[in-house]
Amino acid sequence: MSILWLTLSSFAGWFLSSLTGGGTPLLLVPAIAFFLGAAAVAPVLTISMLLGHPQRIVLYWRDIDWRLMWWYLPGAIVGAILGAFVYTQIQLDWLPILLAVFLIVAAISSSLDKKLDFFAVRAWYFLPAGLIFAFLSGLIGSTGPLLNPLYLNYGLLKEQTIATKSAHLFVVHLVKVLTYAICGALTLKYLKFGCLLGIASLPGNWLGQIVLRKLTQQQFQQFAVAFIALSGILLLGNEIVAAIAKF
């Protein structure tokens, strides 16, 4: 039964994230934590993302913004190594709360300006942003749509956002998997479940691409901003429930 629910969660997560510019972990993180335990979230999620993003790279290859790719890579590689290493050493329970607040504030700010031009983003911003994002991703498995405000304000169109973000995340998750393996945090059990979720992402990506083509750019941006807020609210709510359960 756990395999069925995890597979369905992966399919649904990848499909929905195709329409919102990201957010697959929103469904995968609670599912993995429930069936496999909290310790399995980071390695299993990373493996599944590592397998899911190459599929999107193939589907959206022509839409990748390579200029952003080269700015993003140096910081992301360093951040992913550091974050994954720190994950194997310590756990920062307060970090998800900080990320939740950031996502909610970013969504509110974006919704106040329909043109999303209140915060001009240049290509070189993705160098430090990649470092921070990859570091945080290594610590907690994934940071959801943390960088979506940057992609939106840089001016990428819907397919460009999906394509470029997938290329970015593939590198991050590859480095994380290697670091987890070297540090002993990647077990055979985690590897098997991660591969299962990665395979289940294929139909979700395929169906998501079909529906995405029918969305206008404005609809995509609205979905993306709404999903940023939803991710922050759910992440914050999950931490509040967990804190209450400890008492």
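Is glutamine 55 buried or exposed? I started my notebook with that. The model I am reading is predicted.

**Entry 1: glutamine 55**

I placed glutamine 55 in helix H3. I looked up its relative accessible area and found 18%. Buried means under 20%, so glutamine 55 is buried. Next I listed its contacts, leaving aside neighbours within four places in sequence. Glutamine 55 touches Gly198, Ser201, Leu202 and Asn205.

**Entry 2: H3 with H8**

I turned to the packing of H3. Two packed helices are described by the angle between their axes and the distance between the axes. Helix H3 covers residues 41-59, and helix H8 covers residues 158-182. I noted an angle of about 140° and axes 8 Å apart. The H3 and H8 crossing is left-handed. On the H3 side, the contact residues include Ala42, Pro43, Thr46 and Ile47. On the H8 side, they include Phe170, His173, Leu174 and Tyr180. I sorted the contact of H3 with H8 by class: 14 nonpolar, 4 polar and 2 charged residues.

**Entry 3: H2 with H3**

Then I checked helix H2, residues 25-36. The axes of H2 and H3 come within 10 Å and cross at roughly 135°. H2 and H3 are therefore oblique to each other. Their crossing is right-handed. H2 brings Pro25, Leu28, Val29, Ile32, Ala33 and Leu36 to the contact. H3 brings Val41, Val44, Leu45, Ser48 and Met49.

Methods
Residues numbered from 1 in each chain as written. Predicted model: local features only at pLDDT ≥ 70, side-chain atom pairs only at ≥ 80, totals over all residues. Heavy atoms only, no water. Axes fitted to C-alpha atoms, helices over the stretch in contact; angles between N-to-C directions. Helix = DSSP H or I, 4+ residues; strand = E, 2+ residues; numbered from the N terminus. Left-handed = near helix turned anticlockwise from the far one by under 90°. Contact = heavy atoms within 4.5 Å. Nonpolar A, V, L, I, M, F, W, Y, C, P; charged D, E, K, R; others polar. Parallel < 35°, antiparallel > 145°, perpendicular 65-115°, else oblique. Buried < 20%, exposed > 50% of the residue type's maximum accessible area, 1.4 Å probe, protein only.
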